[in-house]
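Visitor: I'm new to this one and would like to be walked through a few places in it. Could you put it up on the screen?

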Amino acid sequence: MLRTLADPDDFLAWEKWGMALESHAEACTDQEEKLKLLRDAAVKFGTALALAPGRYETLGKLGNCFFRQANLSSGNKPREALFLQAVERLSEACALAPIDSPLRRDLGGCYCHLGLLAADPEAKRVFFVQACGHHESLWAVKENDAKNLHSWGAALYNAAGVSSGPERLEFYRQSAAKYAAAVLADPDRPLSHYYGGVALSRLAGHSQMPEKADLCREAAGRFAAATALRPDEPKYHSFRGCALRDLASLSEMPAKEQLNRQATLCFARAVELKPDSAFDFDAWARVLALLADQYQGAEKIALLREATEKCQRAAELAPENDDHLWLYGSYLEDLADELEESEQQTVYRLAIEKLEAAASIRPEQAFYLTGLGVLESKVAALSPMPEKEAVYRQALERHVRAAAIKPDDAYNFYRWGMVLRFLVQHADQSDEAELYRQSEERMGTASALEPQEELYLKQWGRALIFLADSISDDGEKLQRRLQAVEKLGEAIALQPGLEQAWHWHGEVHYDLAWDEKDEAQKRAYLKTACESYSKVVELDPASDSAYCCLGNCCSGLAELTGEESHQKELFERANLSFAKAVELAPRSSKHFNCWGLSLYDQAFEAGSTAERRDLLSSARTKYLTALELDPRRRGVRFNLAKTLTYLARCFDATEKLSLLDEALTHYDGALKSGSRAGRVFRHWADTLMDRSRLIADRDEKLEILREAVDVYDQAAEDLPDDYAILNNRGNALNALYRLLPKGPEEKEILQRSVKSSLKAHRLRPDDDAAPFNAATAYQNLATLEGAPEGKLKWLRKAAHYREIAAGLDPEDSLNFEAWGRTLLRLADATDQAGMSFAPGGRTEILKQAEARFEIALKLKPDSKGGWLGWAQALFDRAEDQFDMGERQDLYRSVRAKAAQAIKLGSSEACFLLGRLEARERRVEAAVRELTRWRKLDPAAKLQRVRNCSDFRDVEGHPAFGEFLQSWD
């Protein structure tokens, strides 16, 4: 190259020298040498300008020389200074140059670069807008200048980046239009195709359907054109893949799958051309994961495995990029979700490892900690029992730390609440209510942060349901359930198609009905529950769970309705719902169990024994199926045993005994399956009581009754305030007493019966069974007393509780009949105490007894015990009458009442008439009645005749003696 000029004043020579240096710099590969050559060229152009100051061509060359130096220099300040020098020279050149000079395009490019270097957003925007103005001025006179249009598009694109709102969209739109115009002017410009696609993609990101889809489709076309022109440029393939992926997200099947598969081919080509591109491996993984969402089973697993492989490669290429590690962990989690349980924990733990690595790079990133909490919850669910609580607590710690970093992250609070709910099952039981309370608070916080998010509202409602179930205070339980109704209602209002929210809405109303004592309100709750579950099956006709719950609600409503036709309709609807549930889920033990419970309830509303038997038999079949499907299912064995007990009552003795024995075999299994002990023991004991009534052998019956009392005792240990257990135990102790051999144990048994029955009466003072049992025990205690005063004490208590029982249920003839019998005994005790004729003595008590038997017979005219008792009261009162006429009137009444009892099959009435005839010395008539007594009662004992004082005065009569001899 020349070192000197022949003519130092020849400005063209200086200019040519500068141009030669520029050419040499263009070919140079060493950057420092290139910069040195460009600086030297600028000096030469400056000398030329000094010789010819008004030459715009030289000004343009100098400006472009500064522009090239700026692009090669390092450091923003030096570069900015060079760009400003370039702008100064190019501005001077443009002022002198023709209007269509390409120098205007170069000036616009300089302003665009200044905008990129500026730190202040407003300054950036000013530079980009100035650039656009220069490109527009050139376009006004030279529309088809492809280079100018391309540079204009770049300036507009950059201006969009520092703008907002509608202005940003307009800049992107104009940018895409300029790139499109550049392509029309020169179709072979791959960069214009490419950047036009980028601008369209950005515009699509801020647009709505259907324009969004059209823009994505057009962008994909631009990138396709760029790759066709430059098939060896990896970024063109990469961006085409991104555009196809975005378009797929806006499309329906099968177009969605086809577009995503095209996108995978683009990323595959991009990494083939550039194997070290972490971005492309990352993008490839994302589209594979999107494809996986469109499949199930093995295909989905295969795609997720491939996605994790791409993520792994991205992470290896950029180990300090936390985004790649986070995506890797996320897709490992998705993969683990699809794997068999035996593989899941290993993959979840690998996902945790990747998220922890991402969190170590960016510890301030809260959502990494949230993701770790979710993963650890999944690991906890798969961990062995001793480890579960520790892993759940570790997950809690992640959510706590995430909340400290980002206290307004609703999703983190939601997941925090879920972990607390899971933890309840594995933490100390005493913490249950507190953990549910914390869970509800976290769900409430999540919903407060995002009040329009139906997921948080419905989970808040669910948390309130769990909290209510854990609370013992009835008032707070009701309050929490009503809050749950409110939150679930809000979620449904936001999104009426929320099947799960409707399901929980039905569940909480069913729970409200379960605890409600007012029948009208209970019906209202159950009706709402039915409506909610009906909505679920409308939204999801394949929801077997909803059909089962609907069956439960219809069955519950049927029990509360008093109208027979409506009750039948509801039970039919319940059966249809259960049938649909088991059709949809034939392997669901729960559905068969619930159907069995409903049939059991239907049986108690049946109009006949045959119908009741059929329904209980059907319930039995459903329970057996439930056990076959899941032998460990809690409660099924108990329900089966209870059903067998009641089914036995529909058969004769032989079948009855077999069914009761079958029931007894299932109670032990019920305890092992986890059914509540007290409830199981109670029905177990009730079944033993039923069985004892079928046993004739005294010793065997005594053994069964002892076992029944023991089982009632075990029930009372678990449920010390259960009315049915205490009342039934009192009854069992009374039955045991009747079979006990005479001895010291008798009194202790009766005292226990009294204690149990009276406690039951205190618990439920409106039921007549407990005072009835207490009266029976007091009456039996009187038989053990030798002194008349002791007998009077116990019998007066017995009469008191008989009166209470009759007052509580005045429609039960048995209460009045038993009251009358107690008064008969009280009358005898009064006589023994020498108080027969005193006010309130024997005579008055017998009259009271007569009145009670009369009431009993009005309620139940076919009661042989009532007729016999009335006859006995009249017979005893006649004994106290001195007036023979009145006594005979009473005897006539005795004969009439006894005759009614005999018609109904009473052998005792024959014995009573025999006594009456003997008193009146009608020996043949007495013998006739005793003979009939003996015939009706094969167990009749001769010794009883010999011990009765009424027969002693006639023992010497030949006819009576012959009768006694015939017995011997």
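Visitor: What does the side chain of Arg269 make a polar contact with?

Guide: The side chain of Arg269 makes a polar contact with the side chain of Glu272, at 3.2 Å. A polar contact is a pair of N or O atoms within 3.5 Å; within protein, one must be able to donate a hydrogen and the other to accept it, and residues adjacent in sequence count only if both atoms are side-chain atoms. Please keep in mind that this is a predicted model, in which local features need pLDDT of at least 70 and side-chain atom pairs count only at pLDDT 80 or more, while totals for chains, interfaces and linings use all residues. Residues are numbered from 1 along each chain as its sequence is written, and side-chain values use heavy atoms, with hydrogens and water left out.

Visitor: Where is Arg269 found, and which residues is Arg269 in contact with, leaving aside neighbours within four places in sequence?

Guide: Arg269 is found in helix α12, residues 255–273; helices here are DSSP runs (H or I, at least four residues), numbered from the N terminus. Leaving aside neighbours within four places in sequence, Arg269 is in contact with Pro231 and His237, where contact means heavy atoms within 4.5 Å.

Visitor: Changing topic, how do α7 and α8 cross?

Guide: The axes of helix α7 (residues 146–161) and helix α8 (residues 165–185) come within 8 Å and cross at roughly 165°, which makes α7 roughly antiparallel to α8. Axes are lines fitted to C-alpha atoms, for helices over the stretch in contact, and angles run from 0 to 180 degrees between N-to-C directions. Angles under 35 degrees count as roughly parallel, over 145 as roughly antiparallel, 65 to 115 as roughly perpendicular and the rest as oblique.

Visitor: And which residues make the contact?

Guide: Among them are Leu149, His150 and Trp152 of α7, together with Phe171, Tyr172 and Ala182 of α8. The residues of this contact divide into 14 nonpolar, five polar and two charged, with Ala, Val, Leu, Ile, Met, Phe, Trp, Tyr, Cys and Pro counted as nonpolar, Asp, Glu, Lys and Arg as charged, and the others, Gly among them, as polar.

Visitor: What does Ala182 touch?

Guide: Not counting residues up to four places away in sequence, Ala182 touches Ala146, Leu149, His150, Arg189 and Ser192. Ala182 is buried, with a relative accessible area of 0%.

Visitor: What about Glu817, buried or exposed?

Guide: Glu817, whose place is in helix α37 (residues 813–832), counts as buried at 9% relative accessibility. Beyond residues up to four places away in sequence, Glu817 touches Phe853, Ala856, Ser863, Gly865 and Gly866.

Visitor: How do α37 and α38 cross?

Guide: The axes of α37 and helix α38 (residues 842–859) come within 8 Å and cross at roughly 165°, and the two helices are therefore roughly antiparallel to each other. The residues of their contact divide into 13 nonpolar, four polar and six charged.

Visitor: Last one: at what angle do α27 and α29 pack?

Guide: Helix α27 (residues 589–603) and helix α29 (residues 636–648) pack at an angle of about 25°, with their axes 11 Å apart, and they are therefore roughly parallel to each other. Their contact is made by Ser589, Asn593, Leu597 and Tyr600 of α27 and Val636, Asn639, Lys642, Thr643 and Tyr646 of α29.

Definitions and conventions: Buried means under 20% relative accessible area, exposed over 50%, partly exposed in between (1.4 Å probe, protein chains only).
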